[in-house]
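Please look over the model shown here. A short report on its local features is wanted.

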Amino acid sequence: MRQQQGRLQVIAGPMFSGKSEELLRRVRRAKVAGLHMEVISHALDVRKGAGIVSTHAGLSIESRTATDVGHIWEVAGNRSLDLLAIDEAQFFGPELVPTVSRLLAEGTTVLLAGLCVRFDGEPFDPVPGLMALAEDVSKLTAVCSRCGAGAVFHQRSVPSVVDDAGAVTAELVGGAESYQALCRRHFHPQP
Ligand SMILES: [Zn+2]
């Protein structure tokens with residue numbers, strides 16, 4: 001095992017807070033520096049097509065697509081990467097935490113970007129827990145669509161989807177057409 005220590009860096013916030021832009025900014029810097037690295041996006045995020053990390057602002061970079069943490073390990077495990085960047089980290093679920101820990105133990109620095117809050121205003125695992133374990137956390141805010149204040153929440157701007165049992169379905173992947181960022185004063189979670 002290498003002497004180099006892996007560091008955990010987390011970029012967290014609501015939708016429209018520029019998480020992917022910040023991730024891509026750091027990925028570009030790492031490429032310029034010649035680091036041995038991989039970029040992973042979740043297969044659920046098909047805003048611009050599979051294999052691309054894209055931002056609402058239209059920036060993009062090629063990435064490997066993964067559907068679960070097993071895929072992440074196949075891409076990055078036992079490879080002595082300098083850096084592994086993962087976008088939309090919330091989609092990988094709680095299993096992401098032990099996988100990230102293994103990569104850090106191998107000396108790989110892990111850079112995650114993800115939602116830390118759900119559309120109902122509750123913490124969105126596993127990102128809040130990973131923030132607690134990280135060497136470096138960037139907590140970003142969006143701009144409230146009503147008043148322009150810093151927004152830590154996002155909400156559907158269309159009615160939520162409720163299944164037969166009355167439960168609100170899992171977080172969907174969407175863009176400006178289906179969600180809006182809201183400040184604490186203007187955020188009113190749907191019952
Ligand atoms: Zn507001």
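The report covers a metal site, a helix and some ring contacts.

## Zinc site

This is a predicted model. The zinc ion has four protein donors: C144 (SG), C147 (SG), C183 (SG) and H186 (ND1). They lie 2.1 to 2.4 Å from the ion. The donor atoms subtend angles of 101 to 113 degrees around the zinc ion, so the arrangement is tetrahedral. A tetrahedral call requires all angles to lie between 85 and 135 degrees.

The donor residues follow the spacing C-x2-C-x35-C-x2-H in sequence. C144 sits in the loop between β9 (142–143) and β10 (150–151), and H186 in the segment after β12 (179–182), so this pair ties together parts 42 residues apart in sequence. C144 is buried, at 4% relative accessible area. H186 is buried as well, at 18%; the cut-off is under 20%.

## Helix α1

Helix α1 covers residues 19–32. At 1.5 Å a residue, its 14 residues should span 20 Å, and its end C-alpha atoms are 20 Å apart, which agrees. Its buried residues are K19, S20, E22, L23, L24, R26, V27 and A30. Just after α1, G34 adopts a positive phi of about 80 degrees.

## Ring contacts

The ring centres of F153 and F187 are 4.3 Å apart and the planes are at 10 degrees, so the pair is stacked. F153 belongs to strand β11 (residues 153–156), while F187 is in the segment after β12, 34 residues apart. Both F153 and F187 are buried.

Two arginines sit over rings. The charged end of R102 is over the ring of W73, 3.7 Å from its centre. R156 lies over the face of F119, 4.2 Å from the ring centre.

Conventions
Residues numbered from 1 in each chain as written. Predicted model: local features only at pLDDT ≥ 70, side-chain atom pairs only at ≥ 80, totals over all residues. Heavy atoms only, no water. Donors = N, O, S within 2.8 Å, 3.2 Å for Na, K, Ca; no water. Tetrahedral: all angles 85-135°; square planar, octahedral: opposite > 155°, others 65-115°. Helix = DSSP H or I, 4+ residues; strand = E, 2+ residues; numbered from the N terminus. Buried < 20%, exposed > 50% of the residue type's maximum accessible area, 1.4 Å probe, protein only. Expected span 1.5 Å × (residues − 1). Phe/Tyr/Trp six-rings, centres within 6.5 Å; stacked < 30°, edge-to-face > 60°. Lys NZ or Arg CZ within 6 Å of the ring centre and 35° of its normal.
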